[in-house]
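Student: Could you go through this structure with me, one question at a time?

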Amino acid sequence: MQRTPIVGRFRILIVDGNATFRYSLTCHLQSQPDFVIVGEANSSDEALPRARALAPDVILLDVQLPEADAPNIIRALKQAVPAARIIGFSIVQTIRYREECRRAGSPVQLLKDSPVELIFEAIRAN
């Protein structure tokens, strides 16, 4: 499926099991003129089909989804949408877990309480 490019915009898919966090993140991201939220998913089961259908540029992924092994879902998302950048979010991170996620295809890992400016920078980074 080909998508129509939106010049100067980052198409973002948010994957997080917490509706309040998704809403808060969406509100912050929508304040930026170059960010477009193309969809949301509340589980890894929803994430894959939505990623395939929406072909986002960036996937913001809760790497601590209760039903999924983060490295496996990252690999599956990278296979489904190879061009997408995956930014992992979590409440607590260990160095080992961060490295596993990096090796799986999510080089950027942020804490959920990161300043929004840091999140904006991570999305815009090449």
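**The sheet and its helices**

Tutor: The 5 strands form an open sheet in the order β2-β1-β3-β4-β5, with parallel pairing; two strands pair if DSSP finds at least two bridges between them. Helices (H or I, at least four residues) and strands (E, at least two) are DSSP runs, numbered from the N terminus. This is a predicted model, in which local features need pLDDT of at least 70 and side-chain atom pairs count only at pLDDT 80 or more, while totals for chains, interfaces and linings use all residues. Residues are numbered from 1 along each chain as its sequence is written, and side-chain values use heavy atoms, with hydrogens and water left out.

Student: Over how many bridges do β4 and β5 pair?

Tutor: Strand β4 covers residues 85–90 and pairs with β5 in the parallel sense. Within these strands, G88 stands opposite Q109 of β5. The number of bridges between β4 and β5 is 4.

Student: How are the rings of F10 and F35 arranged?

Tutor: The structure holds 3 aromatic pairs, where rings of Phe, Tyr and Trp (its six-membered ring) pair if their centres lie within 6.5 Å, and planes under 30 degrees apart count as stacked, over 60 as edge-to-face and the rest as tilted. For F10 and F35 the centres are 5.9 Å apart and the planes stand at 75°, so this pair is edge-to-face.

Student: Why does the pair of F10 and F35 tie together parts that are apart in sequence?

Tutor: The reason is where the two residues lie, because F10 belongs to strand β1 and F35 to strand β2. The parts that this pair ties together are therefore apart in sequence by 25 residues.

Student: Are α3 and α4 roughly parallel or roughly antiparallel?

Tutor: Helix α3 (residues 70–80) and helix α4 (residues 95–104) pack with their axes 8 Å apart and at an angle of about 20°. Axes are lines fitted to C-alpha atoms, for helices over the stretch in contact, and angles run from 0 to 180 degrees between N-to-C directions. Angles under 35 degrees count as roughly parallel, over 145 as roughly antiparallel, 65 to 115 as roughly perpendicular and the rest as oblique. The angle of α3 to α4 therefore makes them roughly parallel.
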